[in-house]
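Please look over the model below before reading my notes.

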Protein chains: 2
Amino acid sequence: MVAPLKVGIAGLGTVGAEVVRLIETQARTLSARSGRAVRVVAVTARSKAKKRRIDLRGIDWVESPLALANDPRIDCFVELMGGSGEPALSAIEAALKSGKSVVTANKALIAKHGLRLAKAAEKHGGALNYEAAVGAAIPVIKTLREGLSGTGVNRVYGILNGTCNYILTRMEQEGLSFAECLKDAQRLGYAEANPSFDVDGHDTAQKLAILASLAFGTKVAQSAVYVEGISSIAPEDLRAAEELGYRVKLLGVAVRTSKGIEQRVHPTMVPKSSSIAQVMGVTNAVTIDGEGIPPITLVGPGAGGAATASAVVADIADVARGIRAKPFGRPVDRLRPTKKAPMERHEGGYYIRLMARDLPGTIAKIATRLAKEKISLESVMQRHPDGMEAANKTSPVPVILITYATSEDAVYRALEAVQRDKVISGRPQVIRIEKN
Amino acid sequence: MVAPLKVGIAGLGTVGAEVVRLIETQARTLSARSGRAVRVVAVTARSKAKKRRIDLRGIDWVESPLALANDPRIDCFVELMGGSGEPALSAIEAALKSGKSVVTANKALIAKHGLRLAKAAEKHGGALNYEAAVGAAIPVIKTLREGLSGTGVNRVYGILNGTCNYILTRMEQEGLSFAECLKDAQRLGYAEANPSFDVDGHDTAQKLAILASLAFGTKVAQSAVYVEGISSIAPEDLRAAEELGYRVKLLGVAVRTSKGIEQRVHPTMVPKSSSIAQVMGVTNAVTIDGEGIPPITLVGPGAGGAATASAVVADIADVARGIRAKPFGRPVDRLRPTKKAPMERHEGGYYIRLMARDLPGTIAKIATRLAKEKISLESVMQRHPDGMEAANKTSPVPVILITYATSEDAVYRALEAVQRDKVISGRPQVIRIEKN
């Protein structure tokens with residue numbers, strides 16, 4: 001009989017407590033599945049006194065994450081404290097350097113220090129598993145790291161932030177503004193008091209940087225991700241999208257182009273018929289376009305204590321089973337440098353919403369400016385908000401344009417010219433289109 | 001440097017040839033990802049003379065699958081011949097008994113002889129990987145076998161047969177009959193000349209039996225699966241489903257009930273808003289309901305040479321990487337026996353379509369019969385086919401009932417009573433409803 005895998009857990013919040021509970025309740029299944037018993041032998045957390053609904057009898061309390069990481073009694077250090085720096089970083093590094101395996105749910109840390117940690121893991125022979133860091137219980141890390149070993153990836157994209165998808169879903173379904181939906185999300189606990197990290201796209205960018213590395217064999221580099229959030233999206237954009245057969249989602253997209261790997265996070269129009277468009281509320285989804293095969297989409301809970309804990313325990317089981325995949329799929333020294341593909345060279349279709357004065361001469365002028373930049377239009381839609389036409393003939397009228405594939409700088413050059421023409425009021429709204 | 005993994009491939013049809021091609025074109029990625037080069041050293045197939053668009057120079061031709069399996073030069077035997085028996089069975093068994101690892105895409109063989117083969121793999125230390133057997137490139141085996149180690153599964157269900165889903169999608173979208181769509185599917189190569197294996201649900205049943213074993217730790221047993229095909233589905237059922245907010249899919253469902261694990265394959269009404277309802281055409285999808293976490297759905301190509309080869313190569317990479325998961329997630333001697341849960345005890349909602357004579361006395365009579373069996377109705381819909389009303393007042397009129405959850409035997413007792421009442425003509429159509 002193999003000796004049990006001895007686990008130390010740093011951080012006993014919702015996720016940590018649920019991991020302790022799962023390891024106990026699933027003990028028999030876990031040992032049958034991994035060929036080895038799994039036992040939590042020591043824990044640490046900020047407050048020992050805090051009431052937790054788990055039984056910690058028989059489990060040692062260690063005074064600091066670093067002490068736990070260095071504790072020779074444990075084989076596997078589980079980091080569930082969060083934060084992109086200390087004390088998690090030093091503790092994980094210490095654990096890896098002593099040959100232990102590490103399981104973490106910490107996307108910020110992996111996005112920022114993943115390479116350094118992966119190097120330590122490779123050198124000392126431990127695993128560094130972080131399935132829970134992206135898409136919680138959705139097995140996207142495993143799928144990219146192991147499941148698609150034989151297939152080149154052309155594109156990986158997804159809905160990686162439940163807060164943003166919740167807000168966009170409610171805006172679409174109830175015609176509410178961004179601000180109203182954000183307030184509701186905060187009230188329901190789906191958004192932080194300071195929501196910027198989520199709604200401005202940075203959370204998605206961290207996750208995307210990790211997925212891109214796994215998919216393309218490049219070094220994780222959050223700084224290579226172009227980021228735009230959802231706060232500028234208006235209910236009229238969602239209504240127009242609906243009419244045109246699209247939905248608006250905050251996507252993280254990493255795609256192989258002739259100019260390198262493009263990584264970007266921004267509100268995106270996706271065809272209503274695509275798998276990704278069906279994903280509503282706090283649910284997450286990732287689509288992987290492999291070379292020569294139809295897309296694979298993984299959908300599920302991207303957050304939540306139970307879903308995150310489920311992924312953490314699966315990672316622990318892999319350690320128990322003896323699986324040692326390279327943390328980023330390939331050895332760190334085989335990962336290629338990532339350079340930031342400039343967004344002005346991005347190519348794709350665009351949704352453009354303008355407030356036009358004095359139709360129809362205006363439309364002709366706009367079309368001329370676009371034509372000069374060789375931008376072809378798939379559709380032009382002129383909207384008359386209810387009652388406005390009658391009320392005030394001279395009010396600006398929304399005009400919505402959908403372009404065929406073109407380059408981003410062409411779009412912006414054309415729109416600058418339109419603005420110089422003084423035929424529109426306010427700033428144009430521009431949303432990129434992603435086809436499946 | 002570790003020695004390369006030496007692979008022997010039996011079967012060089014579309015999938016086999018694509019595997020040879022992938023291993024060559026992805027050689028660098030494969031070795032970076034698995035820490036070891038992968039090399040095809042020998043092959044065998046029915047005809048050596050057949051033209052194939054792959055380069056077999058430098059690869060040995062062996063005269064039989066068994067000889068290849070026993071060839072001491074190979075580490076990993078890849079079986080891509082198909083068929084639930086010989087010569088695949090003996091060859092795989094021989095390979096495993098000599099300590100080799102085996103990769104196969106053969107669902108029929110795994111459903112029928114999987115336990116025997118898994119035992120041999122466990123005893124001699126080789127891997128037995130079969131990701132491609134269910135859902136081709138969708139990593140559902142890996143997800144159930146490794147990714148959800150820490151989570152109990154309550155239900156696993158999915159669209160596992162692309163032929164059936166293609167037919168149902170076209171019937172729904174174009175209002176065509178089953179027979180017309182089947183003919184088209186055959187013309188397009190989506191259905192076999194003898195389509196029974198697909199459209200009668202047996203292909204789905206084999207795949208479901210495998211998934212159920214992985215999900216619930218029970219022995220694979222195709223005979224424990226209740227099976228019903230799609231040939232009785234009429235366009236009017238799909239129209240009614242649409243109106244009631246459902247779609248009809250051929251699902252394989254394995255669910256933990258108080259009476260044991262229920263395994264069933266049948267046409268199913270699923271809510272239009274569910275992930276599974278969005279899956280159209282030949283695409284496959286599997287949803288896993290884990291204990292305490294929202295469902296995880298995996299969607300992608302369930303068949304096709306490239307998608308199947310992608311999964312086969314990923315399995316080979318796992319062998320190269322040294323991953324040795326138990327073939328059915330747990331040791332064979334820990335798998336529990338599967339008993340067939342009787343369908344008459346199945347509980348759920350039902351869609352019932354009857355051809356009623358002489359309304360409205362009839363509806364009252366039907367409702368009385370249902371009430372006697374304590375079946376509550378969620379809705380009753382009476383349809384007048386276009387023009388029929390005017391043409392012939394005495395023609396039978398379709399009546400559609402949706403029940404709340406009840407038991408299958410209650411439904412059949414009630415419908416038998418209704419038939420004895422002679423208030424309907426023809427046989428009632430009954431379709432089970434699966435809620436998410």
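1. Conventions. This is a predicted model: local features need pLDDT of at least 70, side-chain atom pairs count only at pLDDT 80 or more, and totals for chains, interfaces and linings use all residues. Residues are numbered from 1 along each chain as its sequence is written, while chains are lettered from A and ligands numbered from 1 in the order in which they are written. Helices (H or I, at least four residues) and strands (E, at least two) are DSSP runs, numbered from the N terminus.

2. Symmetry. Chain B is superposed on chain A by a rotation of 180° with 0.0 Å of shift along the axis, at RMSD 0.1 Å. That is the relation of a two-fold axis. Of the residues of chain B, B:Leu298 comes closest to the rotation axis, its C-alpha at 2.3 Å.

3. Strand S12 (residues 296–301) of chain A pairs with S12(B) in the antiparallel sense over 3 bridges. Two strands pair if DSSP finds at least two bridges between them. A:Leu298 stands opposite B:Leu298. S12(B) is mostly covered, with 6 of its 6 residues buried. Buried means 20 or more other C-beta atoms within 10 Å of the residue's own, exposed 12 or fewer, and partly exposed in between, with C-beta atoms placed from the backbone.

4. Within chain B, strand S11 (residues 283–290) pairs with S12(B) in the antiparallel sense over 6 bridges. B:Ile288 stands opposite B:Ile296. The hairpin has 5 residues between the strands, and B:Gly292 takes a positive phi near 75° there.

5. Helix H12 of chain B. H12(B) covers residues 305–321 and reaches 24 Å from its first C-alpha to its last, close to the 24 Å expected at 1.5 Å a residue. The expected span is 1.5 Å times one less than the number of residues. Of its 17 residues, 16 are buried. Just after the helix, B:Gly322 takes a positive phi of about 90°.

6. Sheet of chain A. Six strands form an open sheet in the order S3-S2-S1-S4-S5-S6, with parallel pairing. The edge strands are S3 (60–61) and S6 (128–129), each pairing on one side only. S2(A) and S3(A) are joined by 2 bridges, and A:Val43 stands opposite A:Trp61.

7. Sheet of chain B. The order is S3-S2-S1-S4-S5-S6, again open and parallel. S3(B) and S6(B) stand at the edges with a single partner strand each, so one side of each is left without a neighbour in the sheet. S5(B) and S6(B) are joined by 2 bridges, with B:Val103 opposite B:Asn129.

How values were computed: Least-squares fit on C-alpha atoms with pLDDT ≥ 70 in both.
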